[in-house]
Amino acid sequence: MKKALYILLFVTITAFVISSCKQTETYAEQRQRELNAIQEYIKKNKIKVIDEATFKAQGETTDTSKNEYVLFPSNGIYMQIISKGKGLGKKLGSGESASVLVRYQEWNINGDSLQSFNEGYSILANNVDKMTVKNTSGTFNATFVEGIMLTRYGSSSVPTGWLYPLSYINLVRINSAEAELAHVKVILPHDQGHSYAQTGVYACEYELTYERGI
């Protein structure tokens, strides 16, 4: 009985010490841990990182057969363009606003685990995340109107990193057999993600499709 109490006391003290260490971890240490996790994720998933110059030379495309992602040093976002979108559609122009439907999957890269997704990830499904987006001289601002992200994280704020691909993709609708939604993957550091990621200082990868709403 006494031995069991000692074990219980040890476990309790250990948990307290670990918790205290986490609470006293500096932002710089949290940020370094996040950067290390990103690099480990890139290595584990055999991602080939290219720079912006190479990305532009390739016509602002990434070679998916080589699992290429372009790194934007200004914000730490890694992006792979699977499809820019085909069919009747175009980029969201300066001064233009639009309703955008997003289907997504979200992985917390710390555990390489699926953390969140909407049931409308299939392009044939109707349950999507809806947001209103405005392009002001190349700066995109958006608000969630409905969907899983709004419900799960309790905020209408759209992660900044979700908007970054809009400079490179076309917003189309599936109105023909040839039409294809814009489809990207992005690795977002915490300051480009939702409020939970910002508070916890952790990165997520998203697979996203974008469709122009009605």
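Predicted model: local features only at pLDDT ≥ 70, side-chain atom pairs only at ≥ 80, totals over all residues.
Within α2, the buried residues are Gln30, Glu34, Ala37, Ile38, Tyr41 and Ile42. Because they cover an arc of only 135° around the axis, these residues lie on the same side of α2. An α-helix has 3.6 residues a turn, so residues three or four places apart point the same way. Ala28 and Lys43, on the other side of α2, are exposed. The packing partners of the buried α2 residues are the strands β1 (48–50), β3 (77–83), β10 (182–188) and β11 (204–212). After α2 comes Lys46, with a positive phi near 50°.

A positive phi is also found in a hairpin. Strands β5 (residues 97–108) and β6 (residues 113–117) run antiparallel and are joined by four bridges. Trp107 stands opposite Leu114 of β6. Four residues separate the two strands of the hairpin, and Asp112 in the turn has a positive phi of about 50°. With a relative accessible area of 27%, Asp112 is partly exposed. Leaving out residues up to four places away in sequence, Asp112 touches Tyr41, Lys44, Asn45 and Trp107. The C-alpha atoms of Asp112 and Cys204 are 8.8 Å apart in space, although the two residues are 92 apart in sequence.

Nine aromatic pairs are present in the structure. In one of them, Phe55 and Tyr168, the ring centres are 5.4 Å apart and the planes meet at 75°; the angle is over 60°, so the pair is edge-to-face. This pair links distant parts of the chain, with Phe55 in helix α3 (residues 52–57) and Tyr168, 113 residues away, in the loop between α5 (160–163) and β9 (171–172). Both residues are buried, Phe55 at a relative accessible area of 1% and Tyr168 at 12%. The rings of Phe72 and Tyr164 also form an edge-to-face pair, with centres 4.8 Å apart and planes at 70°. Here too the pair links distant parts of the chain: Phe72 belongs to strand β2 (residues 68–72), whereas Tyr164 lies in the loop between α5 and β9, 92 residues apart from it. Phe72 is buried, at 0% relative accessibility, while Tyr164 is partly exposed, with a relative accessible area of 24%. Phe55, Phe72, Tyr164 and Tyr168 together form one aromatic cluster.

In soluble globular proteins, nonpolar side chains tend to be buried together. The largest nonpolar core of the model has 36 residues, of which Met131, Trp162, Tyr206, Leu208 and Tyr210 touch the most other members. Apart from neighbours within four places in sequence, Tyr210 is in contact with Val100, Leu101, Val102, Met131, Trp162, Pro165, Leu166, Ile169, Leu171, Leu181, Ala182 and Val184. Among these contacts, Met131 and Trp162 are themselves named with Tyr210 as touching the most other members of the core.

Note on methods: Residues numbered from 1 in each chain as written. Heavy atoms only, no water. Phe/Tyr/Trp six-rings, centres within 6.5 Å; stacked < 30°, edge-to-face > 60°. Buried < 20%, exposed > 50% of the residue type's maximum accessible area, 1.4 Å probe, protein only. Arc of directions from axis to C-beta. Contact = heavy atoms within 4.5 Å. Pairing = 2+ DSSP bridges. Core = buried A, V, L, I, M, F, W, Y, C linked by side-chain atoms within 4.5 Å.
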